[in-house]
Amino acid sequence: SSSCASCGTAEVDELKLTECTDCDLVKYCSDACRRDHKSHHLRACKKRSAELHDELLFKQPESSHFGDCPICMLPLPLEKEKSTMMT
């Protein structure tokens, strides 16, 4: 079980904590707790949100047996009926 990063209130059925929208590292029980804790959390939050952005930006696409585009490296679906090389 997790607890609020600001006040320490534990998450229970009646109280659902919300994650920091930028980094998902910490959870808060209210907007007031989020605002109160912001100065303590700001440095770690900026670092983690940059890491998440880089992971998303540089994520390699899944390869397939169809081949990849040499320009964007995305998988190219080849349809046999539309391909002139497959006839």
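**Labels and their grounds**

Modeller: Arg 48 is partly exposed, at a relative accessible area of 23%. This is a predicted model, in which local features need pLDDT of at least 70 and side-chain atom pairs count only at pLDDT 80 or more, while totals for chains, interfaces and linings use all residues. Residues are numbered from 1 along each chain as its sequence is written, and side-chain values use heavy atoms, with hydrogens and water left out.

Biologist: Why is Arg 48 called partly exposed?

Modeller: Buried means under 20% relative accessible area and exposed means over 50%, with partly exposed in between (1.4 Å probe, protein chains only). Arg 48 has 23%, so partly exposed is the label.

Biologist: What makes the contact of Glu 55 and Arg 48 a salt bridge?

Modeller: The term requires a side-chain nitrogen of Lys or Arg within 4 Å of a carboxyl oxygen of Asp or Glu. For Glu 55 and Arg 48 the N to O distance is 3.5 Å, so the pair qualifies. Salt bridges that share partners join Lys 47, Arg 48, Glu 51 and Glu 55 into one network. Glu 55, at 47% relative accessibility, is partly exposed.

Biologist: How many salt bridges does the structure hold?

Modeller: There are four. Among them is the one between Glu 51 and Lys 47, at 3.1 Å from N to O. Glu 51 is partly exposed at 30%, and Lys 47 is exposed at 56%. Another joins Arg 34 to Asp 31, with the closest N and O atoms 3.6 Å apart.

Biologist: Why are Arg 34 and Asp 31 about one helical turn apart?

Modeller: Because they are three residues apart in helix 1, residues 31–57. Helices (H or I, at least four residues) and strands (E, at least two) are DSSP runs, numbered from the N terminus.

Biologist: Why is His 37 called buried?

Modeller: Its relative accessibility is 15%, and the cut-off is under 20%, so His 37 counts as buried. The buried residues of helix 1 are Cys 33, His 37, His 41 and Cys 45, and they pack against strand 2 (27–28). Contact here means heavy atoms within 4.5 Å. Not counting residues up to four places away in sequence, His 37 touches Ala 5, Ser 6 and Tyr 28.

Biologist: Which residues make up the largest nonpolar core?

Modeller: A nonpolar core is a set of buried Ala, Val, Leu, Ile, Met, Phe, Trp, Tyr and Cys residues joined through side-chain atoms within 4.5 Å. The largest has eight residues: Cys 4, Leu 17, Cys 20, Cys 23, Val 26, Tyr 28, Cys 33 and Cys 45. Of the 87 residues of the chain, 14% count as buried.
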